[in-house]
Amino acid sequence: MTAAQIQEAMCPCPANEQERLQEVLHYRFADGGSEKALDEICGLAHSLFEVPLAFVTLMDANEEVVLASCGAGDRPIPRSDAISSWTVLSDEVLIVEDALQDPRFHSNEWVQQRHLRFYAGAPLIVRPGVAVGTLCLIDTRPRRFSAGERVRLAMLAALAMNELSRRRTIIDLRRQKRLLAQATRLTKVGSWKLDVRNDSLTWSEEMYRIFELDRRVNPTREFFKQTLSSASDTEAQQAVTALVQAGKRFDREVEITTAKGHRRWIRCLAEAEWSDGRVAHVIGSVQDVTEQHQHNAEIERLAFRDGLTGLPNRAMFHERLSGAIEHARQSRTSVGLIMLDLDHFKTVNDTLGHDAGDLLLCLIAERLQRVFGQNNTVARLGGDEFAIIMPGINTAADIHRAVERVMESLRHPVEHDGRNFSITASAGAAMCPQHHENPTDLLKNADIALFRAKLTGRNRLIGFQPWMRLAVERKAELMQDVRSSLAENHFKLFYQPTVSLAEPCQVTGLEALMRWEHPSKGLLTPAAFIAAFEDTECGHQLGELAFDSAIEQMRRWLDEGVEFGRVAINLSSAQFRTGNLTEVILDKLAAAGVPPSRLVLEVTENTYMGWSAEMVGDALRALHIAGIKIALDDFGTGYASLTHLNQFPIDRLKIDKSFLRGTSDGAIVHAIVTLGARLGMKVVAEGVEDADQLAILREMKCDEAQGYYFARPMPAEDVPTFLAAFHSRSGGDALTIPANPQALAHFEETQQPTCA
């Protein structure tokens, strides 16, 4: 599935979305009525189905609005996060028995962050095929939902819809009563009569109010003609002339400027009276329709404008993109499409709050509009995702220059609540017809380029290239292959020993390394499936598999009396995103009866300092306090500063094996060993392949090492034999006898983070 397909799947829209939104307006902006009855329905659902949360909601263009609830607040939910977005697609009850197992919702924020597992939603149906919202149930545990329960939930939803309809009827009656009272006082309709023979004009009192004229002013035919046909409206001028000279009926809405300088819309109707074969009089009426225009503009804003920034929303974006491509096809010009995401925007919301996030989005919208101007379309598609349509461009350089100005504007910090913060953006671009003439495929290609920009470091613009689509397709195939192999238990752990360098050498522990026993490709290292670790779902599943397998194996070795020291397991950022990693690890250890002191958790510098570093740090501090050792893996290849070594709970530094291969890297290795000693941390050298490397490390007083010189990664069943053979050697001196006689053979194996 491509990035664009994923985004579309997160926020589906019914085919009749505009019709549906028109109905939502009547309930979203109701001006009276109590919510008590709806609250009681939620309470009844809460009791009847024994769920912690029940809601009555409306599905607006951009968010799910909570009208009533039981067990939760009434804060709106972004539509992209609302499972109810799927409920309003049909008239049937939607049941999600376990959201973690449903590919539509497993990465949803409510599922990942708020632990939603079960969802049941019945649409609030105005008429067949049109649902304005839902009555939904939420639970934090998976559960079944019977056919009978479906029927009862649908009946409760019908009661909620009846209550909404009753409230709408009452409100509509109140409005009609007010309108009737207003019409009695102010009809907003004026009448006039023009005598063509002597150019005399008479009109009613209401005309003075509409045009905001002093009642001492006598209106003239010339004044009226100029009012109805501005100098820029040639068609209106011709219509007025045709009315007076040829008696053709006049029916137009025009925008006027009143005597006091106010802009108003009026509808003017006029017909001619004939006498002796010529127009003698023109009789007409003028109605002030300004409010109607404002109402129509509000409907358009709600249907086609983003509620926060005022930019075109996804619906208007798609409409304008199709129009721009069609115009380009006819005029033989090009259209540029830019997809832009803010980097680590979630961190702003998490650390500074949603108010700061909303402020940032509005400021970004303003800066984008300043850069791209009125000739281009700047749209907000949802969350922190923006899109820009650039019609009539000549080359890709036009896109690059505009995005460079955007990147420059983002460098100016934003102040909120006495704090300054700044943000960067990633962008992907595609052109029509160069990269596709179909709007959907052009959007997919720009989205693929955006994904590539994020993958290669963010804070940059990447233009689409055809090979990128192939890469995405290959990744999709890989992810499907990984999911199938996870289901068929084709992944297992191998173990590589870590050896102390103080004489006599001893095995101090083992690192658990994931291997893929591929049905057709044989045994694969993580270099072949590294993309799976970056995926939230697969990365989490692989991490769970590693923990479960390693802890089960530790328990088995403890029972068998095998002294293995500690087992190190790699962690990925995907595992931290669950929000409950600390509890999961400690619960697994307790359930297996494995002491926390037997476990080492390895985290790369980029995981430490990347996504939500504060959350990562908090989780590791709690685990460290529980007795688990923390290792900083591949040290020297990421971007952690020395300050962070003191800020985070780190027990050991692992020197990346790339530093042991270069003849000029000895100073770096020595510096890391010295740094670790000064900070009271163990230093472990990875990738030791020969005795010369080992001798140098010993001379530098490095604490521990691992690599092919001692042993390749081995299945768990080979570990006891290896340990017995290693410790039976004379003094355990690994400088003299390598544990693995073939270890000196060079065999390239890339060890990556997350169960590498």
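**Strands, helices and cysteines in a predicted model**

Strand β1 (residues 53–59) and strand β6 (residues 130–139) pair up in the antiparallel sense, over 6 bridges. Helices (H or I, at least four residues) and strands (E, at least two) are DSSP runs, numbered from the N terminus, and two strands pair if DSSP finds at least two bridges between them. This is a predicted model, where local features need pLDDT of at least 70 and side-chain atom pairs count only at pLDDT 80 or more, while totals for chains, interfaces and linings use all residues. Residues are numbered from 1 along each chain as its sequence is written, and side-chain values use heavy atoms, with hydrogens and water left out.

Back to the strands. Val56 has Leu135 in β6 as its bridge partner. In general, strands of a sheet pair through backbone hydrogen bonds, either parallel or antiparallel. Here, β1 and β6 belong to an open sheet of 6 strands, with antiparallel pairing and the order β3-β2-β1-β6-β5-β4. At the edges sit β3 (77–78) and β4 (94–96), each of which pairs on one side only.

Helix α2 (residues 17–28) packs on this sheet and touches β1, β2 (63–70), β5 (118–127) and β6, with its direction at about 70° to that of β6. Contact means heavy atoms within 4.5 Å; axes are lines fitted to C-alpha atoms, for helices over the stretch in contact, and angles run from 0 to 180 degrees between N-to-C directions. Helix α3 (residues 36–49) lies across β1, β2 and β6, and runs at about 75° to β2.

Elsewhere, two helices pack on each other: α11 (residues 314–331) and α15 (residues 439–455), at an angle of about 110° and with their axes 10 Å apart. That makes α11 and α15 roughly perpendicular to each other (angles of 65 to 115 degrees; under 35 is roughly parallel, over 145 roughly antiparallel and the rest oblique). On the α11 side, Phe317, His318, Leu321, Ser322 and Ile325 meet Pro439, Leu442 and Leu443 of α15.

What about the cysteines? A search of the whole structure turns up 0 disulfides, a disulfide being a pair of cysteine sulfur atoms within 2.5 Å. Cys538 counts as buried because its relative accessibility is 0%, whereas Cys362, at 24%, counts as partly exposed. Buried means under 20% relative accessible area, exposed over 50%, and partly exposed in between (1.4 Å probe, protein chains only).

Zooming out, the chain has 27 helices and 28 strands. Of its 756 residues, 48% count as buried.
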